[in-house]
Amino acid sequence: MHVVVNAAMSADGKLSSRRREQITISGPEDFARVDRLRARSDAVVVGVGTVLADDPHLTLDDPELREQRLEAGKSEHPARVVVDSNARTPTDARIVDDAAATYLLVSESARFDRRAELARPSVEFVTAGEGRVDLLRAFASLQERGIEEVMVEGGGELIFSLVESGLVDELSVFVGPQLVGGRDAPTLADGDGFVENFPELTLEDVERMDDGVLLRWTLAE
Ligand SMILES: NC(=O)C1=CN([C@@H]2O[C@H](COP(=O)(O)OP(=O)(O)OC[C@H]3O[C@@H](n4cnc5c(N)ncnc54)[C@H](O)[C@@H]3O)[C@@H](O)[C@H]2O)C=CC1
Ligand SMILES: Nc1nc(O)c(N)c(N[C@@H]2O[C@H](COP(=O)(O)O)[C@@H](O)[C@H]2O)n1
């Protein structure tokens, strides 16, 4: 499995403001690049915090990219994945509509009534972990289902956990021309943070894009 984390952050490293509502950081060129990255992926992953904040759809915008996937014998859109320990995804969330397959990664503590409310033909539950989703086991289960190329779109809590679990191969970050500020605004990697043995990144590429810059790193094994 190959896991790429992609995110857009302000010049001061924020994914959103302290209101935790979606803010537009990328410009048109970066959004088109994100669409191409989605199109190359078998699955696009977000944490439930992002579902609750942004209500993302995570499908492909560009009809040509959808057509190319169909011509290659793939589904029109990559699968969507939500890391959602307690099955908190709202029943009317766009991510559980029938536009694409969706995997809900839950823990043993996800209530069965919530699972029943979210059950639909395009949704499959994958249970891994007790109180919280065990990402290593959950991602291994996705791999058993044929998912090899994975794109993670955030948010900060999930990105930190994936890096901590050693699951991330590549990190691409669009740095936009805004200052957001706020000690409670989400950053690229939240969670508990590292205090030693900081994960080392190797800078692979730097590209001017829109009014910002795209940085691409790989992570050591
Ligand atoms: N600018 C950008 O590129 C993006 C910005 N965002 C922003 O990020 C914010 C949402 O991010 P977060 O609140 O950090 O939520 P998140 O999307 O990272 O989800 C975290 C939640 O996932 C669940 N979870 C289950 N197992 C977990 C595990 N093992 N490790 C970590 N989480 C686990 C927990 O309920 C946890 O609270 C929103 O403000 C959204 O707008 C989100 C995605 C991309
Ligand atoms: N690449 C990027 N740039 C930004 O400026 C953003 N705010 C985001 N947010 C991510 O995109 C998701 C929305 O996806 P849909 O358009 O609904 O398919 C959102 O949930 C974040 O993951 N990304």
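Which residues does the UniProt annotation "domain: Bacterial bifunctional deaminase-reductase C-terminal" cover, and how is the sheet built?

Author: The model is predicted. According to the unreviewed UniProt entry, the annotation "domain: Bacterial bifunctional deaminase-reductase C-terminal" covers residues 2–215. This span is 26% helix and 24% strand, and its end C-alpha atoms lie 18 Å apart.

The sheet is open and has nine strands, in the order β5-β4-β3-β2-β6-β1-β7-β9-β8, with mixed pairing. Its edge strands are β5 (123–127) and β8 (201–209), each of which pairs on one side only. On average, neighbouring strands of this sheet are turned by 20 degrees against each other, direction ignored. In general, strands of a sheet pair through backbone hydrogen bonds, in either a parallel or an antiparallel manner. Strands β2 (residues 43–47) and β6 (residues 149–152) run parallel and are joined by three bridges. V44 has M151 in β6 as its bridge partner.

Two helices may be described together with these strands. Helix α6 (residues 156–164) packs on the sheet, where it touches β1 (2–9), β2, β3 and β6. The direction of helix α6 makes about 145 degrees with that of β1. Helix α5 (residues 135–144) lies across β2, β3 (79–83), β4 (102–106) and β5, and runs at about 135 degrees to β5.

There remains the surrounding of ligand 2. This ligand is surrounded by 15 residues, the closest being A8, I25, S26, D54 and P56. By class, the shell comprises seven nonpolar, six polar and two charged residues.

Definitions and conventions
Residues numbered from 1 in each chain as written. Chains lettered and ligands numbered in written order. Predicted model: local features only at pLDDT ≥ 70, side-chain atom pairs only at ≥ 80, totals over all residues. Near = placed C-beta within 6 Å. Nonpolar A, V, L, I, M, F, W, Y, C, P; charged D, E, K, R; others polar. Pairing = 2+ DSSP bridges. Helix = DSSP H or I, 4+ residues; strand = E, 2+ residues; numbered from the N terminus. Axes fitted to C-alpha atoms, helices over the stretch in contact; angles between N-to-C directions. Contact = placed C-beta atoms within 7 Å. UniProt positions renumbered as here; feature names shortened; annotations may be inferred.
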